[in-house]
Amino acid sequence: MYKLEPLPYPYGFLEPYIDSKTMEIHHDKHHQTYVDKLNVALEKHKELQNKKVNELLENLNKIPEEIRNAVRNNGGGHANHSFFWPLLKKDVKFEGKIADAINKRFGSFEKFKEEFSNAAINRFGSGWAWLVLDKGKLEIVSSANQDSPLSEGKIPLLTLDVWEHAYYLKYQNRRAEYVSAFFNIINWKKVNENFVNMKK
Ligand code: MN3
């Protein structure tokens with residue numbers, strides 16, 4: 001059985017950039033639902049129940065076909081949100097090895113911000129924007145629905161949820177404003193950890 005971990009901070013932790021009510025619904029309702037539906041999908045597949053959710057996503061082609069889409073969507077939903085929450089914190093400096101690597105790869109923080117923002121804003125419908133390592137190289141990508149870059153052999157370092165449920169209460173249709181606010185709450189210390197620990 002998969003289980004929802006508590007949010008690693010109080011609901012109001014990211015105010016005013018992400019409001020308390022959004023965090024509460026997003027974590028307690030949306031994320032919970034992905035976990036519940038993943039458990040339902042795996043009910044008759046005991047051999048998969050003890051695997052890490054990332055492992056399921058890395059090997060989607062090995063998941064029995066009748067539950068593959070359910071695992072892709074709900075396993076993805078569980079993994080993506082679990083990865084997302086700790087990436088959010090106010091007032092963390094852009095520094096460390098990841099900052100050096102971003103500056104080198106994109107030219108400057110501003111260029112990186114522009115490219116990441118475009119990926120987030122232009123993702124049509126629901127999905128995620130990502131900074132990933134793809135064969136050791138930093139890349140910005142976006143994914144539809146709850147698709148994870150793990151399923152394409154990429155290593156996620158940073159992500160932003162651009163489903164409407166992530167921002168609609170406060171920002172309504174103004175996704176670009178939400179994306180801009182996100183740059184005030186990136187936990188660069190955590191992104192740096194992801195980079196240092198996962199670089200292959
Ligand atoms: Mn979400």
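Glutamate 139 is partly exposed, at a relative accessible area of 22%, where partly exposed denotes values between buried (under 20% relative accessible area) and exposed (over 50%), for a 1.4 Å probe and protein chains only. The structure is a predicted model, in which local features need pLDDT of at least 70 and side-chain atom pairs count only at pLDDT 80 or more, whereas totals for chains, interfaces and linings use all residues. Residues are numbered from 1 along each chain as its sequence is written, and side-chain values use heavy atoms, with hydrogens and water left out.

A salt bridge joins glutamate 139 to arginine 105, with 3.0 Å between the closest N and O atoms; the term requires a side-chain nitrogen of Lys or Arg within 4 Å of a carboxyl oxygen of Asp or Glu. Distant parts of the chain are linked by this pair, since glutamate 139 lies in strand E2 (residues 137-144) and arginine 105 in helix H5 (residues 97-106), 34 residues apart. Helices (H or I, at least four residues) and strands (E, at least two) are DSSP runs numbered from the N terminus. Arginine 105 is also partly exposed, with a relative accessibility of 30%. Together with Lys137, Arg105 and Glu139 belong to a network of salt bridges.

Nine salt bridges are counted by this rule. Among them is the contact between lysine 135 and aspartate 134, at an N to O distance of 3.6 Å. Lysine 135 is exposed at 79%, whereas aspartate 134 is partly exposed at 22%. Glutamate 5 and lysine 3 likewise form a salt bridge, at 3.4 Å from N to O. Here glutamate 5 is partly exposed, at 48%, and lysine 3 is exposed, at 57%.
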